Each structure stands twice: as C-alpha cells, then as structure tokens.
Amino acid sequence: MTKILLILLAGTLCNSLLWQHQKEHLSDIAEIFEGDVTRDRSIQAMASNVLRQAPEQFALAGLSMGGIVAMEIMRQAPERVKKLALLDTNPYPPRSDQISNWKRFIQMAKNDQFNEITTRHLLPGLLHPQHLQNKQLVETVIQMADSIGPEAMINQMTALMTKPDARDVLTTITCPTLVATGREDASCPLQAHQEMADLIPQAKLVIFEQCGHLSTLEQPQAVTAVLRYWLLQ
C-alpha cells in the first residue's frame, strides 16, 4: 500500500512530542512530516514556509495554532491538500484580551521570566482539570515549551496577534475534513468547532471526552484512532 503523505502542525510552545503517539501508531499508513511554525511572525508566512517545504499533495493536520496555519494553507493552496484535520483550534481573528495576554507573555519572555509563562499562566487552559494532576503529562507540556524557547514563542505570539479571520476560507473547503476537540477545551471552546464543522461542507465533528486543549496528549489513543479513520476514508 502506498503511504499517505501527512504533514502535522503543532500549536504554540509545542514540539514533536505533541504528536508522539500519532507518529508511532500511524506510521504504517502514513509518511509523516512536521511543519516548522517557529520561525515566522505572521500566520501567512508560516503557511507559505510550510508549503515551500511540503510535497506537492498531502494530508494536513494542525492543532491549536497549527490549525490556524492549516486554515491559512487552505487559503493559499487548497488544491494541494487532499485531507484536512483541524484539532482544538478556532477560525476567529484575535480578541483584544488575547492580544493583551500575548503582549504580556512576550514582555515576560524579554524579562527572563519565560519559564513562568507555561507553569503559572498557560497550564490551566491547556489541560483537563483531572490531567493537571498527571505529573508526566504536565512535565511533557513544560518540556515542550522549554524546547521551543523564548525567541520562537515571541514569533508565534506575534503571529497570533494578527491572525486572519478564516471563516471565509472554511466555506470553500471541499476535501474530506475532520474537526475535533476535547469537550473541556478551555482555550478553543466546543462552540467554535461546531461553527467550523457547520461552515465546512461535509465536515465531520468529533468530540473527545475527559479532554482539554491538548487532545493528542490527553486522549492519544482516541485521537490516533480518529485520525486513522480520517486518513483511510
């Protein structure tokens, strides 16, 4: 069987550990690449750079900011994407309170307080309350942030401050599309995923139970099973 070419896009302050289970357990059907979303300061530039490095046609899955970049890829080169999966993300332009928070975190990073951003401010919005008690999972989230580092975080949060409204793109998507989220995702609520699924023709909405924003880590087996079905359909 010819393997499917699959590009994975991680979220803010996340690295390849975000997709560890999926990479291990989908490798029999997919040749997996990871797009770099750490070097640019706009969503448009991130999407363009992923496209420059990508095969001619591919399946595309993005979580959180990775999903935002994936929607921009659908704006720039929809003919190259054979299948799309949007996980724990949203299509909306930034709110003023979000911009204020990102500016605050950028200033913290510049003031040598980078390590406090995830541990003191971001974690409660990333994981289901029960998973905040999972020491290994919490350590993985912190490890990912540490590996990304302050410079890349500043790039990412600067890009998010000017992210485009992607709702006009969603109505034009014709490839098989999965929209998936943790039911208790506090960062990108269920309502946003319901709206995305309504806007995308023939999209399928999947909700992971007992799950917050980092669904690939919080419910890895369930996410991998759904992605397998999506890739093979």
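**Notebook: pockets, cavity, cysteines and backbone**

I began with the lining of the largest pocket and sorted its residues by class: 17 are nonpolar, 12 polar and three charged. In this sorting Ala, Val, Leu, Ile, Met, Phe, Trp, Tyr, Cys and Pro are nonpolar, Asp, Glu, Lys and Arg are charged, and the others, Gly among them, are polar. I note that the model is predicted, with local features needing pLDDT of at least 70, side-chain atom pairs counting only at pLDDT 80 or more, and totals for chains, interfaces and linings using all residues. Residues are numbered from 1 along each chain as its sequence is written, and side-chain values use heavy atoms, with hydrogens and water left out.

**Largest pocket**

I read its volume as about 660 Å³. The lining comprises 32 residues, and the closest to the pocket centre are Trp102, Leu122, Leu126, Ser187 and His213. A pocket here is an open set of points on a 1 Å grid over the protein atoms alone, with protein on both sides within 12 Å along at least five of seven lines; a cavity is a set where a 1.4 Å probe fits but cannot get out, and lining residues have an atom within 4 Å of a point. A volume is the space filled by probe spheres set on points joined across faces, edges and corners. I then looked up helices that contribute to this lining: α3 (65–76), α4 (96–110), α5 (114–126) and α6 (135–160) each supply at least two residues. Helices (H or I, at least four residues) and strands (E, at least two) are DSSP runs numbered from the N terminus.

**Second largest pocket**

For this pocket I found a volume of about 270 Å³. Its lining has 13 residues, with Gln136, Leu137, Thr140, Leu217 and Pro220 nearest the centre. I recorded at least two lining residues from each of α1 (20–26), α6 and α9 (215–218). The largest share, four residues, belongs to α1. By class I have seven polar, five nonpolar and one charged.

**Cavity**

I searched for cavities of 30 Å³ or more and the count came to one. The volume of the largest cavity is about 30 Å³. Around it I list Ile68, Met71, Asn90, Pro91, Tyr92, Lys163, Pro164 and Ala166. Six of these lining residues are nonpolar, one is polar and one is charged.

**Cysteines**

How many disulfides does the structure hold? I found zero, the criterion being a pair of cysteine sulfur atoms within 2.5 Å. Cysteine 14 is buried at 10%, and cysteine 211 is buried at 0%.

**Backbone**

I looked for positive phi values in residues other than glycine. Leucine 13 has a phi near 60° and lies in the loop between β1 (4–9) and α1. This leucine 13 is buried, with a relative accessible area of 5%. Aspartate 88 has a positive phi of about 45°, and I place aspartate 88 in the loop between β4 (81–87) and α4. Is aspartate 88 buried or exposed? I recorded aspartate 88 as buried, at 0% relative accessibility.

Notes. Buried means under 20% relative accessible area, exposed over 50%, partly exposed in between (1.4 Å probe, protein chains only).
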